Amino acid sequence: MRIRIVDAFTDRPFAGNPAGVLLLDAFPDDDRLQRVALEVNHAETAFAHPLPAGGEADWALRWFTPATEVAMCGHATLATAHVLRTTGAHEGPVRFATRSGVLVATPHEDGTVTLDFPTAPLTPVETPAGVAEALGAEPLTVLDTGPNIGDLLVEVADEETVRALTPDHKALGAHSERGVIATARADDPAQGYDFVSRCFFPNVGIDEDPVTGSAHTALAPFWSGRLGRPALTGLQASPRSGLVRTELRGERTLLSGSAVTVIEGELLA
């Protein structure tokens, strides 16, 4: 069983968000998948196998954190599409059958990949009691991101506030299904990005996710509405950092980025 570690939403090794990728003939039982994901111990490990020709999808795809299976993961989908392209296992756009429906990944000649994901429905909510204290900053706006994402989207004052956050992760976990997305407008768009974010997901075993594709299906409609443009670039200001280019298309959001394979090996157990 070949296993690869791919850094997603970056064009250089040791940045972006690392994901495990395993291409299989079929899925083993769930306990085995979870044990492998725990051993890999990255934010997500993706497992994929080919489907019969002629169906609505080309590959089945599932994502596991070290603690649980998740309904949607952008960076591990990008990583999987990158592996399929670079190994020759699949050519051209690939349709993935997932818990979030059929998701399409389109590789480009420059090595980037564009993901077609459902846009998260945003619902303004009152700031839950204790969120400001748990996050360590006063929210300006709080929105629910719907069932696929399961986060609170929290706008704070400015980029500096986002970068300086040192949240109480355990306390944050009480306020949403997965976690909290903190965001603010970029201080200087001339630096190449329009907004910043950081993502804290204690309820799935990830205190801070390096670069989160799924979160950008909520960030894209939020900031496109604020900035008046469908196409934007987000910087996830984690220690590893990474860029996600977004394009809002109504009920769908396009997420584009690069990926780099950094480790390839064989699972012996």
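Reader: Which residues form one aromatic cluster?

Author: In this predicted model, where local features need pLDDT of at least 70, side-chain atom pairs count only at pLDDT 80 or more, and totals for chains, interfaces and linings use all residues, the cluster is made of F195, F222 and W223. Residues are numbered from 1 along each chain as its sequence is written, and side-chain values use heavy atoms, with hydrogens and water left out.

Reader: How many aromatic pairs does the rule give, and what is that rule?

Author: Rings of Phe, Tyr and Trp (its six-membered ring) pair if their centres lie within 6.5 Å, and planes under 30 degrees apart count as stacked, over 60 as edge-to-face and the rest as tilted. The count by this rule is three aromatic pairs.

Reader: Are F47 and F64 buried or exposed?

Author: Buried means under 20% relative accessible area, exposed over 50%, and partly exposed in between (1.4 Å probe, protein chains only). On that scale both F47 and F64 are buried. The rings of F222 and W223 have centres 4.9 Å apart and planes at 85°, so this pair is edge-to-face, and F222 and W223 are both buried.

Reader: Where does the charged end of R178 sit?

Author: A charge sits over a ring if NZ of Lys or CZ of Arg is within 6 Å of the ring centre and within 35 degrees of the ring normal. The charged end of R178 is placed over the ring of F201, 3.9 Å from its centre, while R62 lies over the face of F27, at 5.4 Å from the ring centre.

Reader: How many salt bridges does a search of the whole structure find?

Author: A salt bridge is a side-chain nitrogen of Lys or Arg within 4 Å of a carboxyl oxygen of Asp or Glu, and the search finds 15 of them. In one, E264 pairs with R4, the closest N and O atoms being 3.1 Å apart. As E264 is in strand β18 (residues 259–266) and R4 in strand β1 (residues 2–8), the pair ties together parts that are 260 residues apart in sequence. E264 is partly exposed, with a relative accessible area of 47%, whereas R4 is buried, at 11%.

Reader: Which residue forms a salt bridge with R240?

Author: That partner is D7, with the closest N and O atoms 3.2 Å apart. The pair links distant parts of the chain, 233 residues apart, with R240 in the loop between β15 (231–236) and β16 (242–249) and D7 in strand β1. R240 counts as partly exposed at 27% relative accessibility, and D7 counts as buried at 2%.

Reader: How many residues of helix α2 are buried?

Author: Helix α2 is mostly covered, since eleven of its 14 residues are buried, including H75, L78 and V83. The expected span of a helix is 1.5 Å times one less than its number of residues; for α2 (residues 74–87) this should be 20 Å, which agrees with the 20 Å between its end C-alpha atoms. After α2 comes G88, whose phi is positive, near 80°.

Definitions and conventions: Helices (H or I, at least four residues) and strands (E, at least two) are DSSP runs, numbered from the N terminus.
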